[in-house]
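Have your viewer ready and follow along.

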Amino acid sequence: MEITDSNIMLIAAILLSLSVLVGRAGSKFGMPALLLFLGVGMIAGVDGFGIKFDSAEVVQLIGMISLSIILFSGGMDTKIKEIRPIWREGLTLATLGVLITTFITGTFIYYITHFISPAYSPTYIQSLLLAAIMSSTDSASVFSILNSSRTGLRHNLKPMLEFESGSNDPMAYLLVIILVGLIQTGADITFTVILDSLGSLVLQLSLGALCGLAIGWISARIINRLNSDNEFLYPVMMIACAFFAFSVTELAGGNAYLGVYIAGLVVGNLKLAMKRTITTFFGGFTWLVQILMFLSLGLLVNPHEVVNFQVIVPGILLGVFMILIARPTAVFLCLIPFRSITFKSKLFISWVGLRGAVPIIFAAYVLTCPGVEDAKFMFNMVFFITIISLLVQGTTIGKMAEWLGLKDKYEESEINILFPDEITAATREIEVTGNLLEAGTMLRDITLPPNTLVIMVKRGDKYLVPTGKTQLYLRDRLFLIAESKESIDEIV
């Protein structure tokens, strides 16, 4: 089936609907949404329902736009106060960890392919390129699994992994760009080349960080001065700011993905007009671009090219190597200076080295680069290893956290109140226990900290507006509001 102007709307509607339904059903069984969206695209492609889509350039464009929105939104959702205790660990994993993973994996690829698949005998630089494509992690899909299974994590592991996954894509992208350049020019890896590459890395990361900081601050000022009666124009302007962050950073010679992530980080931690409207819009819009990106990646791949001996055998060996050796080695080496991180936490961080959409996007980019031999083989290998990673690691994240004793209580209130930045009030949901009812069973008998109120009582499926005479029972849920988080924490 050819995609034409007359049927593109129908095809898009069918694929989006299937993705949402399949993703909803799969979340009940702990299946990563990314894997399911990719599956829908593959089934709809030439080896399934016959939709013909083979443009790597279009996929690269969709991926670039989608990653810009995803990284900007991820930065907005990241609170500096949460990453402040662990930013050194996360940054080390996002930079040095990517480098170590690339060189360990690249060396393994070079020798194992020569032994198993002589028909594909890559040079060392080509092996490093394939490793660099797969060196970044996709922890975002991990936390969709954790949230759907209502699993929390101890020891600040969640913000650390979120920070790593949000900031390691730029490092991997820079390595891919440098290695593609070496292949196209035919240069060998020498000491001078290494120094030049390191200099380029530092320059692009520095420019990306500076541009992100500046554009993020300017974006917040623009939003706060927009002064429009139409609240829905604010998220539209924020999308423009995200695209500005990407484009301006790239024009300045910096890493655009780092720039857009830091711009979102700055915007999300400053006072912002219509923040609730912007946050709600970006939540839905981010899911839309993720689904579109995964569907297009699934449509691009031909399953019969992935499921063959030359891909399966080295793919399984490489996937197992990355899961059990490359990722753990990089994690343990990077975290040597940070003695506060326990051995079990390091094991869990190693297991969460999930491959996702970003490596496939990088592989699609390599497909469009002239002079890169066996680019299609690299794309198929990356796709196959991503599926292995999602099946093996993605479906066992919750079990691994529980087995290592890192599983924590998952806190999620059914009442979600977003206050303006100038208001320091906090909300919390707690369960009525025997200790809470020691002084009496009416709401007025409970001792609450100063300036703390119970605004709602949930009993079964009913919600009650409380008074002092409201009778409380065990397992009732109380929704509290206080002037500060510390006040609520006194009774929890």
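Glu-402 and Lys-407 form a salt bridge, with their closest N and O atoms 4.0 Å apart; the term stands for a side-chain nitrogen of Lys or Arg within 4 Å of a carboxyl oxygen of Asp or Glu. Glu-402 is partly exposed at a relative accessible area of 46%, and Lys-407 is partly exposed too, at 34%. Here buried means under 20% relative accessible area, exposed means over 50%, and partly exposed lies in between, using a 1.4 Å probe and protein chains only.

Before going further, please note that this is a predicted model, in which local features need pLDDT of at least 70 and side-chain atom pairs count only at pLDDT 80 or more, while totals for chains, interfaces and linings use all residues. Residues are numbered from 1 along each chain as its sequence is written, and side-chain values use heavy atoms, with hydrogens and water left out.

**Salt bridges**

The structure holds five salt bridges. Side chains of opposite charge can pair when their charged atoms come close.

| Pair | Closest N to O distance |
|---|---|
| Glu-164 and Arg-327 | 2.9 Å |
| Glu-402 and Lys-407 | 4.0 Å |

Where in the chain do Glu-164 and Arg-327 lie? Glu-164 sits in helix 8 and Arg-327 in helix 15, so to speak distant parts of the chain that the pair links across 163 residues. Helices (H or I, at least four residues) and strands (E, at least two) are DSSP runs numbered from the N terminus. Is this pair buried or exposed? Glu-164 is buried, with a relative accessible area of 1%, and Arg-327 counts as buried at 6%.

Glu-431 counts as partly exposed, at 37% relative accessibility. Salt bridges with shared partners join Glu-429, Glu-431 and Arg-477 into one network.

**The sheet around strand 6**

Strand 3 (residues 426–431) and strand 6 (residues 477–482) run antiparallel and are joined by six bridges; strands count as paired if DSSP finds at least two bridges between them. Within this pairing, Arg-428 stands opposite Leu-480 in strand 6. Strand 4 (residues 452–459) is also antiparallel to strand 6, again with six bridges. Here Leu-453 has Ile-481 of strand 6 as its bridge partner, and Val-457 stands opposite Leu-478.

In what order do the four strands form the sheet? The order is 3-6-4-5, in an open sheet with antiparallel pairing. Strand 3 and strand 5 (462–464) stand at the edges with a single partner strand each, so one side of each is left without a neighbour in the sheet. From one strand to the next, the twist averages 25°, where axes are lines fitted to C-alpha atoms (for helices over the stretch in contact) and angles run from 0 to 180 degrees between N-to-C directions.

**Cavities and a pocket**

A search of the whole structure finds three cavities of 30 Å³ or more. On a 1 Å grid over the protein atoms alone, a cavity is a set of points where a 1.4 Å probe fits but cannot get out, whereas a pocket is an open set with protein on both sides within 12 Å along at least five of seven lines; lining residues have an atom within 4 Å of a point. Grid points are joined across faces, edges and corners, and a volume is the space filled by probe spheres set on the points.

The largest cavity holds about 70 Å³ of space. Its lining includes both Glu-164 and Arg-327, along with Arg-355. Helix 5 (87–116) gives the most to this lining, with four residues. By class, the lining has four nonpolar, five polar and three charged residues; Ala, Val, Leu, Ile, Met, Phe, Trp, Tyr, Cys and Pro count as nonpolar, Asp, Glu, Lys and Arg as charged, and the others, Gly among them, as polar.

The second largest cavity has about 50 Å³ of space. Arg-327 and Arg-355 are among the residues that line the second largest cavity. Which helix gives the most to this lining? Helix 15 does, with four residues, and helix 18 (375–394) supplies at least two. Three nonpolar, five polar and two charged residues make up the lining of the second largest cavity.

The second largest pocket has a volume of about 390 Å³. Of its 18 lining residues, Leu-91, Phe-163, Ala-209, Leu-258 and Ile-262 lie nearest the centre. Helix 12 (256–268) is one of the helices that supply at least two residues of this lining, and the largest share, five residues, comes from helix 12. The lining of the second largest pocket divides into 15 nonpolar, three polar and no charged residues.
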